[in-house]
Amino acid sequence: MKYANIIGAFYAQPWAVLPAKLAEIRAFLRIKAAGGDIDPQEIEAVAGSRRSDGVQMIGRVAVLPIMGVISQRVGMMERASGGVSTEEIGQTLDSLVADKQVKTIVMAFDSPGGSVAGLPELAAKIRAARDQKRIVGLADPMAASAAYWLISQASEIVVTPSGQVGSIGVISAHDDMTAAMEQAGIKTTLIASAPHKAELYPENVLSEEAKADLQAKVNQYHAMFVADIAKGRGITETNINKNFGGGRVLLAKDALSAGMVDRIMSAEQLITRLSATSEGERNSRARYVGLVESGIL
């Protein structure tokens, strides 16, 4: 099987991502494993429609774009599609916090979420950084699942009028390929040194014991997810579980009513509000409009 390591990594970890996006990633991997070719534009559609082109300085406001599927380290699919890694975000955040010219950091999200790996560590880093500088999270237009895990650690959360946030939860997948392989006349024998080593392979039927173990891991990551939101937002976990969508994304007005965000405004309005007054503000605003029109932001 081609890309066996990548496919193995996919099934070995839970995901904090929109279910529809998880299905797209699975379909992508199946095609690649079968030796199929996918157009680069199709790959880009799987992980994110826009690329993270680096930090943009607007006056003393640093805009850090976080777009596409989030993973701990950027691999084949993420690199091809403009996805982003928690390690890279953390390194960039460190440099912006240390930069005396930066007054405010805007973490601009357009992401359906991603892998849970690296999220608690980056969430803690963002939460600590906001004690040193103002960090504003912007959902433009989406901060879902892993992206909301991270944006919830900002000093303030802003969502665009057409934006959405949420999808709080963790999901995992297992493909039972036994019937398809039997029909194709293929019988795989897995040799493992430990009783549970091969239990998640698609060549096996998922046992109730293996399913229970997966469920326990998903629940643990969910608990970490909710605990970090509670710390970042300064609210109770009960409030989150009751009012934050139960795994669904919420549109801007509903998210504001639920306390998931602090205000609704466009990205341009946010940058104008954060920028310096008078001439500096006008220059900053003009530059931001230019960046938007050029497709950088």
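So, start with the two helices I've picked out: the crossing of H5 and H6 is left-handed. Keep in mind as we go that this is a predicted model. H5 covers residues 86-98 and H6 covers residues 119-129, and they pack at an angle of about 15°, with the axes 10 Å apart. Anything under 35 degrees counts as roughly parallel, and therefore that's the label H5 and H6 get.

Who's actually touching whom? On the H5 side the contact is made by Thr86, Ile89, Gly90, Leu93, Asp94 and Val97, and on the H6 side by Leu119, Leu122, Lys125, Ile126 and Ala129. If you sort the residues of that contact by class, you get 7 nonpolar, 2 polar and 2 charged.

Okay, on to the strand.

What does S6 pair with? There's S3, residues 61-67, joined to S6 by 7 bridges, and those two run parallel. To place it on the screen, look for valine 61, whose bridge partner in S6 is threonine 104. Then there's S8, residues 134-144, with 7 bridges to S6, parallel again. Here valine 106 has valine 136 of S8 as its bridge partner.

Now zoom in on one residue, alanine 62, which sits in S3. Its relative accessibility is 0%, and the cut-off for buried is under 20%, so alanine 62 counts as buried. Which residues does it touch? Leaving out anything up to four places away in sequence, alanine 62 touches Val55, Gln56, Met57, Leu96, Val102, Thr104, Ile105 and Val106. Take isoleucine 105 from that list: it and alanine 62 are 43 residues apart in sequence, but C-alpha to C-alpha they're 4.9 Å apart in space.

Last bit, zooming back out. The protein has 13 helices and 12 strands. Of its 297 residues, 46% count as buried. And for contacts with a separation of 6 or more, 68% come from residues 24 or more positions apart. That's what I had, thanks.

Technical notes
Residues numbered from 1 in each chain as written. Predicted model: local features only at pLDDT ≥ 70, side-chain atom pairs only at ≥ 80, totals over all residues. Heavy atoms only, no water. Axes fitted to C-alpha atoms, helices over the stretch in contact; angles between N-to-C directions. Helix = DSSP H or I, 4+ residues; strand = E, 2+ residues; numbered from the N terminus. Parallel < 35°, antiparallel > 145°, perpendicular 65-115°, else oblique. Left-handed = near helix turned anticlockwise from the far one by under 90°. Contact = heavy atoms within 4.5 Å. Nonpolar A, V, L, I, M, F, W, Y, C, P; charged D, E, K, R; others polar. Pairing = 2+ DSSP bridges. Buried < 20%, exposed > 50% of the residue type's maximum accessible area, 1.4 Å probe, protein only.
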